[in-house]
Amino acid sequence: MTILFILAAVIIILLFIFKNLKGKLISVAIPQDDSSSEHFLKGKLSLLTYNIAGLPQGISAAKLPRKISIAEIGEKVEPFDIVNVQEDFNYNTAFYSKNLHPYRTSTKGKIPVGDGLNTLSKYPILEYRRIPWRHCSGPDCWTVKGFSFAQIQLAHGVTVDVYNIHANSSDAARAARARRENYRQLAAYINEHSADRPIILMGDFNAHYAYKRDNLHEFLLTTGLSDGWVQYLRKGVFPEVTPKFIAQHMLSLNNDTESLDKIFYRSSKNLKFQPEDYQVEIQHFTNGEGEALSDHLAVSLKLNWIWEE
């Protein structure tokens with residue numbers, strides 16, 4: 001009887017405790033899933049394109065020691081969501097040594113086999129291809145320059161085609177002719193492989209609207225792309241052709257000056273882009289003495305995006 005009495009007392013006590021806890025147990029707040037539909041329907045992208053002057057020391061036009069400078073560039077590009085670099089030839093190991101982007105393309109190699117193009121991203125890179133130019137001139141033929149294609153996933157079911165470009169350089173007639181063919185080749189590729197797709201294209205275009213021998217207007221018309229600088233800062237007004245065009249020194253540019261380095265974009269039926277800010281990054285990519293880390297100034301663009309079913 002004593003044992004039964006003890007068991008009954010224990011049961012009564014447990015029932016009393018459970019009754020007091022019941023309200024608390026059923027009112028526990030369950031954290032909301034971060035993968036809500038609203039989270040995946042809109043967002044912001046910070047984009048950067050930068051020619052990092054990765055030709056071998058002594059050949060590179062940049063003044064500062066290349067290995068140290070390029071390692072510093074790799075660290076300084078970290079705040080940007082998607083980064084396209086050009087001339088990442090001989091110091092890729094240094095470039096990636098301090099970089100924290102979780103998704104990065106593997107280098108194609110040093111000159112003369114590499115194209116110098118790489119993409120770094122905070123979003124998954126689902127697919128990547130490199131395509132060499134069919135036309136080049138002079139020193140541009142010494143290595144395999146071209147453009148690259150990457151499909152990047154911004155959210156579940158939301159992807160964008162990201163192109164990186166390093167076009168033929170120089171404003172000599174023969175070089176400009178090769179560059180025009182570069183853009184025609186790229187336009188044909190875009191129209192075949194990215195038809196009706198959202199696009200981000202950024203890189204070293206080596207071209208100016210103000211230069212009569214360049215065909216940027218033809219390229220934009222053929223592909224339906226928009227120039228972030230023209231649309232955001234110039235409200236859709238393109239620079240006029242200058243009869244005796246002479247490009248400014250690349251380290252003397254600012255937001256009001258047309259750069260060789262450009263960022264283009266194109267919306268699709270479902271994924272819409274809207275530029276929010278454009279910057280020639282004058283101060284960010286400098287060493288402790290304020291000297292530029294490359295012979296180019298990086299260019300950045302912030303894009304708002306929204307996915308509409």
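The model is predicted, so to speak of local features takes a pLDDT of at least 70, side-chain atom pairs count only at pLDDT 80 or more, and totals for chains, interfaces and linings use all residues. Residues are numbered from 1 along each chain as its sequence is written, and side-chain values use heavy atoms, with hydrogens and water left out.

Then there are the aromatics. Rings of Phe, Tyr and Trp (its six-membered ring) pair if their centres lie within 6.5 Å, with planes under 30 degrees apart called stacked, over 60 edge-to-face and the rest tilted. That gives 14 aromatic pairs. In one of them, Phe147 and Tyr163 have ring centres 6.4 Å apart and planes at 40°, so the pair is tilted. Ring pairs also link Trp133, Phe147, Phe149, Tyr163 and Tyr189 into a cluster. Phe147 is buried (under 20% relative accessible area, against over 50% for exposed and partly exposed in between; 1.4 Å probe, protein chains only), at 1%, and Tyr163 is buried too, at 0%.

As for the backbone, most residues other than glycine have a negative phi, and most peptide bonds are trans. The bond from Ile111 to Pro112, though, is cis, with omega near 10°. Asp196 has a positive phi of about 65° and is exposed at 73%, whereas Asn206, with phi near 55°, is buried at 9%.
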